[in-house]
Amino acid sequence: MSEDRCLLLSPEAPYPIRTGGAMRTAALLEYLRQRYTVDAIFFAQPGETDPRERMPSGCVAQSITIRLPFHGRGFWERARRNAGRWARGVPPLNDRFGGFGREIEGFARERRWSLGVVEHSWCAGYADILRPHCGRLVLNLHNVESELHARCAKTEPAATRWLHRRFAHEARVLETALLPRYDLVLATSERDRDLARALAPGSTVESYPNTVPARRIPASEKRMQIVFSGNLEYHPNRSGVAWFAREVWPTVRGRFPDCEWVLVGRNPEAVRTLVEGERVRLTGEVEDAMAEIAPSMVAVAPLLSGSGTRIKILEAWSAGVPVVSTPVGAEGLPSGGVLLAEKSGDFTDAISRLLDSAALRAEVGETGRLIFNQKFTWQAGWAVLESLRV
């Protein structure tokens with residue numbers, strides 16, 4: 001066995017950092033490459049550039065990319081797939097990334113690693129294939145998928161709630177069975193750690209936070225704008241944006257006619273019809289989200305469902321921008337740097353207070369920046385991994 005070699009299996013490419021999931025994987029990869037020679041198994045969507053071509057030089061040594069089959073993105077194509085998943089009792093992403101055992105075993109054959117790291121519970125089922133080849137196995141949980149689906153079942157449109165209820169049950173069954181197969185499971189917060197321990201008693205679950213690279217705040221003039229950042233196709237983001245557009249934005253727009261709402265992130269077409277109107281700007285995917293966030297007066301996280309902790313809040317904190325969030329949106333994060341509001345009227349009032357008061361914006365923004373620098377930089381996360389002997 002090589003004592004300084006590890007394997008990373010990731011269904012989501014860490015680079016370029018386009019999503020919160022990619023950010024968490026990239027942070028862990030950067031830690032691993034400082035201590036191990038890293039081999040990797042990646043997945044790629046049809047037509048996508050091979051993830052290995054987008055990696056920083058020297059990130060990984062030996063690697064393969066598994067190409068996923070084509071999946072149509074139209075409504076009826078998605079409906080047929082999800083109906084089949086419902087019938088078979090397989091959550092969507094476990095289905096999407098399942099069935100590649102032969103390719104993974106082929107890469108692992110004749111190889112040994114002192115450490116194997118699997119990203120996301122979607123690929124947790126490959127533990128039995130990897131176990132003979134890895135001294136230790138670690139599962140990096142980005143979300144507790146059963147909770148994610150259970151919450152979506154309460155907030156998504158009625159037509160899809162029954163799907164989420166079914167997927168929540170099946171995800172819970174998988175989590176209970178699969179988490180104990182790992183020597184260590186990493187959860188994004190103490191709350192998710194406790195939830196995972198309750199789902200799979202006897203499993204070793206510890207908290208390793210989501211983190212963002214520390215950097216100077218870009219020099220920019222503040223604009224009369226509020227910002228939301230994230231993958232806009234991700235259903236908790238989409239439902240949160242829909243609620244904000246319907247219940248909050250019209251009143252904010254009425255009180256502050258010059259205010260612009262900026263939505264930063266991939267797949268803007270997923271919400272375009274929900275947010276059409278004056279003073280709304282969809283940037284699409286950007287090279288530097290912080291450059292779009294930093295000029296804003298306020299960042300919003302109006303999430304009604306989800307799991308894990310929100311990179312969008314950490315990015316706002318890193319830029320010194322105050323945040324208004326629902327309790328679900330700020331779950332698992334320390335208090336301070338965020339004004340919490342659950343009802344639409346309270347959310348509107350919190351935004352208004354910040355837009356009206358430079359002093360309050362500075363106070364809340366500086367508190368968030370301090371929390372970020374203390375607990376949520378990559379270096380702070382690496383210290384946690386070091387204490388866990390990853």
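**Close-up views of a predicted model**

**View 1. Helix H15, end to end and face by face.** Helices here are DSSP runs (H or I, at least four residues), numbered from the N terminus. This is a predicted model, in which local features need pLDDT of at least 70 and side-chain atom pairs pLDDT 80 or more, while totals for chains, interfaces and linings use all residues. Residues are numbered from 1 along each chain as its sequence is written, and side-chain values use heavy atoms, leaving out hydrogens and water.

Look for Leu 360, Arg 361, Val 364, Gly 365, Gly 368, Arg 369, Ile 371 and Phe 372, which are buried in H15 (under 20% relative accessible area; exposed is over 50%, partly exposed in between, with a 1.4 Å probe and protein chains only). Seen down the axis, the buried residues of H15 fall within an arc of 160°, so they line one face; the arc is taken from the directions from the helix axis to the C-beta atoms. Turned away from that side are the exposed residues Ala 359, Glu 363, Glu 366 and Gln 374.

**View 2. Cys 152 and Cys 259, both buried.** Cys 152 has a relative accessible area of 0%, and Cys 259 also has 0%. The closest cysteine sulfur to that of Cys 152 is in Cys 123, 20 Å away and too far for a bond. With a disulfide taken as a pair of cysteine sulfur atoms within 2.5 Å, the count is 0 disulfides.

Key. Helix = DSSP H or I, 4+ residues; strand = E, 2+ residues; numbered from the N terminus. Expected span 1.5 Å × (residues − 1).
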